[in-house]
Amino acid sequence: MKYVLPTLALGILAGYLNNNFGVPLLSTFFSEYAFNFSLIALLFLMGTLFAMDEKAVAKIREAKFRILVFPLAVALGSITGGLIGGIILRIDVFASMGVCAGYGWYTLAGPMAGQLFGLEWGALGFAVNLLRELATIAATSLVAKLDKYAPIAMGGATAMDTTLPVIVRYCGQETLITAFSSGFILTVAAPFTITAIAAIAH
């Protein structure tokens, strides 16, 4: 935690300063190349770690279809949260559920929500899912003390990549398989879920 928040804050400051006083090409370099490269490197390291853990591989073989239960519960919780939030705020409940069905994948949820529900929902979809990722990074060290699997649910689709190191760091090596598999399944399910909710709404 003592490294995560300062690093995140420094990154936000560096991005702000570059946008206002720096070189525009640096923004393209970091968003198009540096970020993707670091994400690929991270996934490679996590994959290596996973393959080296013989107990983890054995647990996946034992779990079989039961491994789908956790991400299904996360998906239902996210969509139900969108429904309840929409009712409380008296806004379009289908659009609210569609936004939450991004499961933290903000680069997908924003454009899809904007296309299917309207531009304002695109902005909301981006913000809601980005905040979900940032909240997971910031709160994992605290939430993990209550339940080591709760941060995986918080991270949603991001549990397979961007929030995975933080989750493993504070929740333990044994949560790696659940986090990665849950994040992967939610990542695959997100575009289909958003589209299905939009189809029901229209």
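Colleague: Does helix 5 pass helix 6 in a left-handed or a right-handed crossing?
Modeller: Bear in mind that this is a predicted model, where local features need pLDDT of at least 70 and side-chain atom pairs pLDDT 80 or more, while totals for chains, interfaces and linings use all residues. Residues are numbered from 1 along each chain as its sequence is written, and side-chain values use heavy atoms, without hydrogens or water. Helices here are DSSP runs (H or I, at least four residues; strands are E, at least two), numbered from the N terminus. A crossing is left-handed if the near helix is turned anticlockwise from the far one by less than a right angle, and right-handed if clockwise; where helix 5 passes helix 6, the crossing is right-handed.

Colleague: At what angle do helix 5 and helix 6 pack?
Modeller: Helix 5 covers residues 93-100 and helix 6 covers residues 106-117, with their axes (lines fitted to C-alpha atoms over the stretch in contact) 9 Å apart. The angle between them, on a scale from 0 to 180 degrees between N-to-C directions, is about 160 degrees. That makes helix 5 roughly antiparallel to helix 6 (over 145 degrees; under 35 is roughly parallel, 65 to 115 roughly perpendicular and the rest oblique). So the pair is roughly antiparallel, at about 160 degrees.

Colleague: Which residues of helix 6 meet helix 5?
Modeller: Contact means heavy atoms within 4.5 Å. Helix 5 brings Phe94, Ala95, Gly98 and Val99 to the meeting. On the side of helix 6, they meet Ala109, Ala113 and Phe117.

Colleague: What covers the buried residues of helix 6?
Modeller: Tyr106, Leu108, Ala109, Gly110, Met112, Ala113, Gly114 and Phe117 of helix 6 are buried (under 20% relative accessible area with a 1.4 Å probe, protein chains only; over 50% is exposed, in between partly exposed). Just past the end of helix 6, Gly118 takes a positive phi of about 125 degrees. The cover over those buried residues includes helix 5, helix 7 (119-143) and helix 10 (176-201).

Colleague: What is the relative accessible area of Thr193?
Modeller: Thr193 is found in helix 10. Setting aside neighbours within four places in sequence, Thr193 is in contact with Ile79, Ala101 and Tyr103. Thr193 counts as buried because its relative accessible area is 16%.

Colleague: And helix 4: which residues of helix 5 does it contact?
Modeller: Helix 4 runs over residues 69-89, and its axis comes within 7 Å of that of helix 5, crossing at roughly 145 degrees. Their crossing is right-handed. From helix 4, the contact uses Ser78, Ile79, Gly82, Leu83, Gly85, Gly86 and Ile87. The partners in helix 5 are Val93, Ser96, Met97 and Cys100.
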